[in-house]
Amino acid sequence: MVDSFLYGLLFFWEFYVSDNVAVFALLVSLLSLLISSRFNKNIININKRELEINDRKLKLEVDNKLYEVFCLIGGNKKTELIHSFSDVHGLLEAKRIIRDCIVLDPDNSAVYVMRGYVRAALNQMDLAEEDYNYAIKLNSNCSEAYNALGLIFIENGRLEEAEDKIRSAISLSACSSYYFNLGNALVKMDRLHDAEEAYLSAVSFSGFSDPYYLNLGLTLFRNGQSEKALSVLSDAELFNIDNPNFYVAKGVLLSSTGNEHDARDAFIKALQIDPDFKLALRFLGKSFLEKKDYFEAIKYLNKLVSVDSSSAESHFLLAIALLANDEDGMAVYHVQKAIQIDPDNEAYRDALLQFSKVANY
């Protein structure tokens, strides 16, 4: 545009005003102005490019810091909750890094979502909720903030609000974890059919993924579809060979279909993965009690009490097995332990009277 105008001025000078010094001076002045304008425009373009480069550098620096926070709070590990593997030292270091991020980029919604995660891990739920809401204020399309709010509402029992927020997250960015969280909220509301659909959606996005298949199977079970639930878990077993929760769930489902032998095998498999896994120990103890194999019941319930000594129910179950195995004195001892832990439980007190009579007899 400037070049065309420049050539036009030169043409005008050459053919019409070659003897006019004043006009010549004016044209020189105009040419200087135009050259200066072009130079300034180039400077502006250079400055604009430098600003863009600096913005990219700033974004990269903030992103790197946020990833460092993500790792500190356990987000790089396979876990249902982002901060499940975090420790206090890591969380405090994460808070320090996030303060730096806020100084560098105070309008970045991702920074406030991450600070919300850290505060939630520190059990500062009100502050975390403020961060998530502020992130949404900065960026109304911040799906992570909606999902994180939903998780807080689930924990606080605000289930309808949780559903609303998580569905908002899904509408912005449908992914397996959002559907999984939605399913968890719906289960707590006893909307099992809707929860099943949510878990199926989670599975469809992620393939065979724990804990998505595990929760789907348990929801099907609660919805009275034991065979279908068992089929879901059987298909997913290859992907859960190191997960004791999976085998306990499978054992429960097998037991519900009357297959006690395979159910016990599933519980034993869970203990092979984690010898102190309390759910497996409890189910095996109960299973052998029902089978009247008191020796095996005592073996597993003794182990349960050793790893869960604060559980009144564990002591009481062991007491029943001991009494049935004619070990009256130890049976009375464990009933007394159950009463010490749960002194208001009338069933334990009644049992102590009955156990004492048997022991004295």
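Colleague: What should I know about the model before we start?
Modeller: It is predicted, so local features need pLDDT of at least 70 and side-chain atom pairs count only at pLDDT 80 or more, while totals for chains, interfaces and linings use all residues. Residues are numbered from 1 along each chain as its sequence is written, and side-chain values use heavy atoms, with hydrogens and water left out.

Colleague: How many helices and strands does the chain have?
Modeller: There are 18 helices and zero strands. Both are DSSP runs, numbered from the N terminus: helices are H or I with at least four residues, strands are E with at least two.

Colleague: And what share of the residues is buried?
Modeller: Of the 361 residues in the chain, 40% are buried. Buried is under 20% relative accessible area, exposed is over 50%, and partly exposed is in between, with a 1.4 Å probe and protein chains only.

Colleague: What part of the contacts comes from residues 24 or more positions apart?
Modeller: They account for 47% of the contacts with a separation of 6 or more. A contact means heavy atoms within 4.5 Å.

Colleague: Helix pairs next. How do H6 and H7 pack?
Modeller: H6 covers residues 143–155 and H7 covers residues 159–172. Their angle is about 160°, and their axes are 8 Å apart. Axes are lines fitted to C-alpha atoms, for helices over the stretch in contact, and angles run from 0 to 180 degrees between N-to-C directions.

Colleague: Which way do H6 and H7 run relative to each other?
Modeller: They are roughly antiparallel. The classes are under 35 degrees for roughly parallel, over 145 for roughly antiparallel, 65 to 115 for roughly perpendicular, and oblique for the rest. The crossing of H6 and H7 is left-handed. Left-handed means the near helix is turned anticlockwise from the far one by less than a right angle; clockwise is right-handed.

Colleague: Which residues make that contact?
Modeller: On H6 they include Tyr146, Leu149 and Phe153. On H7, among them are Ala162, Ile166 and Leu172. By class, the contact of H6 with H7 has nine nonpolar, four polar and two charged residues. Ala, Val, Leu, Ile, Met, Phe, Trp, Tyr, Cys and Pro count as nonpolar; Asp, Glu, Lys and Arg as charged; the others, Gly among them, as polar.

Colleague: What about H13 and H14?
Modeller: H13 (residues 260–273) and H14 (residues 278–290) pack at about 150°, with axes 9 Å apart. That makes the two roughly antiparallel. The crossing of H13 and H14 is left-handed. H13 contributes residues including Glu260, Arg264 and Phe267, and H14 residues including Leu284, Ser287 and Phe288. The contact divides into nine nonpolar, one polar and two charged residues.

Colleague: Is serine 287 buried or exposed?
Modeller: Buried, with a relative accessible area of 8%. Serine 287 touches Glu260 and Arg264, leaving aside neighbours within four places in sequence.

Colleague: Where is leucine 253, and what does it touch?
Modeller: Leucine 253 is in H12 (residues 244–256). It is buried, at 0% relative accessible area. Not counting residues up to four places away in sequence, leucine 253 touches Gly217, Phe221, Ala229, Leu230 and Leu233.

Colleague: Last topic, cysteines. How many disulfides?
Modeller: The count is zero, where a disulfide is a pair of cysteine sulfur atoms within 2.5 Å. Cysteine 142 is buried at 9% relative accessibility. Cysteine 175 is partly exposed at 22%.
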